[in-house]
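Dear colleague,

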Amino acid sequence: MNSLDQLAGAALLLVRPGMLVIGTPILGGLYAPVHLRVGLTVLVAILLAPVVTLPAALNGAGLTVVIAREIAIGLALALSIRVLVAALEFAGHFSGYQIGLSAGALIDPQSGVRNTTLAVLYGNLAVLLCFLTNAHHLLLQALADSYASLPIGFGGVNANVAASVAEMLGAVFVFGVRVAAPVIIVLLLIELALGLIAKVAPALNVMIAGAPIRLLVGLLVVAATIAGIPAIVREGVPAVMRMAVTLANAFR
């Protein structure tokens, strides 16, 4: 193996950790400084180098296929934490729309898109809770274990990819609705009460009077239920990690 082959092998070792760092908010994400992402990727690759078997010399086409497989495996593992963050952001969007906060939006540093205040709050809370529940340790352990079951090299794609992706999308909806459910239920009752008031006192402008009521009650419900989010995240971390491992194993 010449020096060019050794360099190509070392570069292959950077791909899977690099995709994990780019795709995972708790390890950097897209909006972390570039030097931080590169440094973390190189550090993880150096730590993994003694236990990873690099493939033999590859030609151009073979190297492209192996890199594409490494990218897919890394992104599959990164989706574990991304599912939880997306679920809480979905809950924030859902709750914010019901409360009446959808008119105002902020640039979310995690995703770079315009999110409501509650979506940004819930998303950043998810990142913090992932650290508190040691999800980053589980993620790095899954990365190290993936080289034993999915060594660097050629592989295929089985039919479980579509089912795994659908399961992850379903988890986003399920966890998001669980977080937003108290706000939705309470505000539904408020809407029913306002409808009855409008029938009893038609002279009262419910459209104008209802907005501050929704805002006040909605924020009170958010404040009362936000303490329950850590339990949902703690329950969700093992579930999404299992989904991510299943998706990664589809690229054997």
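Accessible areas here come from the Shrake-Rupley method with a 1.4 Å probe, and for residues only the protein chains shown count as cover. By that method the protein chain has an accessible surface of about 12600 Å², of which 74% belongs to carbon and sulfur atoms.

Please bear in mind that this is a predicted model, in which local features need pLDDT of at least 70 and side-chain atom pairs count only at pLDDT 80 or more, while totals for chains, interfaces and linings use all residues. Residues are numbered from 1 along each chain as its sequence is written, and side-chain values use heavy atoms, with hydrogens and water left out.

The protein chain contains 8 helices and 2 strands, where helices (H or I, at least four residues) and strands (E, at least two) are DSSP runs numbered from the N terminus. Of its 252 residues, 40% are buried, meaning under 20% relative accessible area, whereas exposed means over 50% and partly exposed lies in between (1.4 Å probe, protein chains only).

In helix 5 (residues 135-149), the buried residues are Ala135, His136, Leu139, Ala142, Leu143, Ser146 and Tyr147. They fall within an arc of 140 degrees seen down the axis, so they line one face of helix 5; the arc is that of the directions from the helix axis to the C-beta atoms.

Helix 7 buries Val206, Gly210, Arg214, Gly218, Val221 and Val222. These cover an arc of only 110 degrees around the axis, which puts them on the same side of helix 7, while the face turned away from that buried side carries the exposed residues Ile208, Leu216, Leu220 and Ala223.
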